[in-house]
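Okay, thanks everyone for coming.

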Amino acid sequence: MSKMRQVWEAYHPIVHLLMAGTVFVQLTQSMSIPFLAIYLGETTKLSHAYIGLIIGAGPLAGTVGGFAGGILSDLFGRQKLMFFSLLAMACSIIGFITVAHPIGLLLISMIMGLSASIFATVSKALMGDLTPEHKRFRVFSNRYLANNLGFAIGPMLGAFLGISGSNLAFFLTTVSLVSFAIILVVACRRCGVTDDAGGNGEGEGERASLAEIWQVLRRDVVLLTFVTGGVLLVTVYGQMSVTLSQYLRENFSEGVALFGTLMSVNGFTVLLLQIPVTRLVERYSLFARIAGGAVLMAIGEVGFAFSPDWAWFITAMIVFTLGEILIIPAEYTQIDEISPANMRGTYYGAQSATMLGSFLGPWAGGMVLTAYGGPVMFLVMAVLALVSLIFYWLGRRLHEKRKQPRTAIVETAM
């Protein structure tokens, strides 16, 4: 009992709620969204490239949504933005099963991506507000774990119930989003987390004006290099399920079942290995974690290119997922490290520009898949993962140089 109490008291109640809500929502989403490409392929006559364009348009819109949401949350607060973004996501999910026109589906995907990006950005910023700095890497790791806990259970539960990718699965996702939105608003009010308090109530400094935000972002070359590297990496792992699902469906007799299994393998790998891997790599630098993750993801992509059967695909997915485990929390922590306290939401919003990769991955990947086949597509993604390290290395060097004058001043004063 004392152990449970220590875990509960280690973080703010709203942080715990965001974690639990993430599991619940992701569980239902994983019965529907990962199967969207297959759903559209079976219910429409759209090409691979256009389906990839529809799904990729969501993350593309999300690059704007995260940036705008981050700025607005720093200017006006977090709570209202989280509530309305969850409701917009719910409406979008219903739209996917009620709208048939290609342009309509494209617009719905953009609304979904816009609102999902706003919620992700604002919720990360709120977690940062409510968590001491030395605990933030663990919080971001736990958030990633929560995402994958739901993702590990959802596809298998959906397959067991026979509803994966069905209208019922989309409806359940809608209900979970609306429920989470209502519970979150009520809990924030009861815990005293208000928009007027900026989320934390701990006085991390006055909010920056819009002009100050623009000046900082315009001059921050470190942020730009990290975002560029992030775009390349997200091209590899963001919406990777879109091209993988289409490749498996067309080239393997039980491709849909294999795809569902791989998505569950991805989730369970995170579930089982996230905590031990996170603790193991905490002794290494953020760049070392990202570099190791990029190499593992590249190896996983090569594995997808040449896998002949289920066992090889599962092995490749485990290696690929280990790369994700290393990269995603380190990326969040890296942005947190360079962001001013009163502009955390803005910097997370700027980081959401990396979601451009979730548009490029399905769209460009779909074109390469159509023109050259799956193996070539996977190998191209492997190369992009390795190229991203050039930008992360450059960003770290620039960041270290920027810190040197401050260190010198401190040493002189002593």
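So, to get going: how many helices and how many strands does the chain have? The count is 17 helices and 0 strands. And please keep in mind that this is a predicted model.

The average pLDDT for the chain is 80, and 85% of the residues score at least 70. Where is confidence lowest, and where is it highest? The lowest mean, 60, belongs to helix α9, residues 210-219, and the highest, 93, belongs to α13. There are also two stretches where pLDDT stays under 50. One of them is residues 197-206, and there the model has 19 contacts beyond four places in sequence. The other is residues 407-414, with 0 contacts of that kind.

Now the chain as a whole. Of its 414 residues, 54% are buried. If you take contacts between residues at least 6 apart in sequence, 85% of them join residues at least 24 apart. Here's an example of two residues separated in sequence: Ile153 and Leu27 are 126 residues apart along the chain, but their C-alpha atoms are 6.3 Å apart in space. Ile153 sits in helix α7, residues 136-161, and it's partly exposed, with a relative accessible area of 34%.

Quick reminder: you describe two packed helices by the angle between their axes and the distance between the axes. Which residues of α11 and α16 make the contact between them? On the α11 side you've got Val242, Thr243, Gln246 and Tyr247, and on the α16 side Gly361, Pro362, Gly365, Gly366 and Leu369. By type, that contact is 4 nonpolar, 5 polar and no charged residues.

Next partner: helix α3, residues 36-43. Here the angle with α11 is about 50 degrees, and the axes are again 8 Å apart. That makes α3 oblique to α11. Ala37, Ile38 and Gly41 of α3 meet Val242, Ser245 and Arg249 of α11.

From α11, Met240, Leu244, Tyr247 and Leu248 meet Phe313, Met317 and Phe320 of α14. What kinds of residues are those, nonpolar, polar or charged? The tally is 7 nonpolar, no polar and no charged.

Last stop, a histidine. His399 is in helix α17, residues 374-413. Is His399 buried or exposed? At 5% relative accessibility, His399 counts as buried. Leaving out residues up to four places away in sequence, His399 touches Val222, Glu337 and Ile338.

That's my tour, so over to you for comments.

Definitions and conventions
Residues numbered from 1 in each chain as written. Predicted model: local features only at pLDDT ≥ 70, side-chain atom pairs only at ≥ 80, totals over all residues. Heavy atoms only, no water. Contact = heavy atoms within 4.5 Å. Helix = DSSP H or I, 4+ residues; strand = E, 2+ residues; numbered from the N terminus. Nonpolar A, V, L, I, M, F, W, Y, C, P; charged D, E, K, R; others polar. pLDDT = per-residue confidence, 0-100. Buried < 20%, exposed > 50% of the residue type's maximum accessible area, 1.4 Å probe, protein only. Axes fitted to C-alpha atoms, helices over the stretch in contact; angles between N-to-C directions. Parallel < 35°, antiparallel > 145°, perpendicular 65-115°, else oblique.
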